[in-house]
Amino acid sequence: MAEQGNGAANGLAQAQAQLNLQRIYVKDVSFEAPGVPQIFQEQGQPNVELNLGHRSTVLGPDVHEVVLSVTATCKVGDKTAYLAEVQQAGIFGIAGFDDAGRDAILGSYCPNLLFPYVRQIISDLVQNGGFPPLFLQPINFDALYAEQARRRSEGASAQPLNA
């Protein structure tokens, strides 16, 4: 009787959704300051443009790599002061989720987990390059994922059906 109970408990545990972080690492880092040292003499308000992206790759059964890419470009007038690029990656075990749940984890939870690492690296790169520190504001990856999902569903509904 005890064996039946244990078998049922083990089956239930296996059916539960599981998410685990296996590793976080820097995949690529680049810092360029093409106008140094002349850029330090420039007058004007610096303008920082931030580009953000992420991608996921299946590494094996229930194992995914997520790469968060952030590029910060600072210009003073029409001259580039610096360009900082970081690709922060993580390997995640994701099992027992339906497709929508897995996609939400890969598109929202994982980038959210990687972002503090990117923010620290970019801040250090910029400051070590001789510029005032750049502190990236938190990003709502849940809202970004929801907006992407909404656009995908609108695009799919706008597609004509082939008969």
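This is a predicted model: local features need pLDDT of at least 70, side-chain atom pairs count only at pLDDT 80 or more; totals for chains, interfaces and linings use all residues.
User: What makes the arrangement of the chain α-β-β-β-β-α-α?

Analyst: The chain has three helices and four strands. Read from the N terminus, these elements follow one another as α-β-β-β-β-α-α.

User: Why is histidine 64 called buried?

Analyst: Its relative accessibility is 6%, and the term buried applies under 20%; histidine 64 therefore counts as buried. Histidine 64 belongs to strand S3, which spans residues 63-76.

User: With which residues is histidine 64 in contact, leaving aside its neighbours within four places in sequence?

Analyst: Histidine 64 touches Thr57, Val58 and Leu59, among others. The list also includes Gly90, Ile91, Phe92 and Ile94, together with Arg102 and Leu106.

User: Is glutamine 88 buried or exposed, and how do you know?

Analyst: Glutamine 88 has a relative accessibility of 2%. The limit for buried is under 20%, so glutamine 88 is classed as buried. This residue is part of strand S4.

User: What does the side chain of glutamine 88 reach?

Analyst: The side chain of glutamine 88 reaches the backbone oxygen of tyrosine 25 at 3.0 Å. The cut-off for a polar contact is 3.5 Å, and the pair at 3.0 Å falls within it. Beyond four places in sequence, the contacts of glutamine 88 include Ile24, Tyr25 and Val26. Val66, Val67 and Leu68 are also among them, as are Leu114, Tyr117, Val118 and Ile121.

User: Why is phenylalanine 97 called partly exposed?

Analyst: The relative accessible area of phenylalanine 97 is 31%. Buried requires under 20% and exposed requires over 50%, so phenylalanine 97 is partly exposed. Phenylalanine 97 sits in the loop between strand S4 (79-95) and helix H2 (99-128).

User: Which residues make the nonpolar surface patch that includes Phe97?

Analyst: Leu19, Phe97 and Tyr109 make this patch, which covers about 250 Å².

User: What share of the contacts with a separation of 6 or more joins residues 24 or more positions apart?

Analyst: Such pairs account for 69% of those contacts. As for burial, 29% of the 163 residues are buried.

Definitions and conventions: Residues are numbered from 1 along each chain as its sequence is written. Side-chain values use heavy atoms; hydrogens and water are left out. Helices (H or I, at least four residues) and strands (E, at least two) are DSSP runs, numbered from the N terminus. Buried means under 20% relative accessible area, exposed over 50%, partly exposed in between (1.4 Å probe, protein chains only). Contact means heavy atoms within 4.5 Å. Patches are made of residues with over 30% relative accessible area and no salt bridge: like charges are joined within 9 Å, nonpolar side chains (Val, Leu, Ile, Met, Phe, Trp, Tyr) within 5 Å. Accessible areas come from the Shrake-Rupley method with a 1.4 Å probe; for residues, only the protein chains shown count as cover. A salt bridge is a side-chain nitrogen of Lys or Arg within 4 Å of a carboxyl oxygen of Asp or Glu. A polar contact is a pair of N or O atoms within 3.5 Å; within protein, one must be able to donate a hydrogen and the other to accept it, and residues adjacent in sequence count only if both atoms are side-chain atoms.
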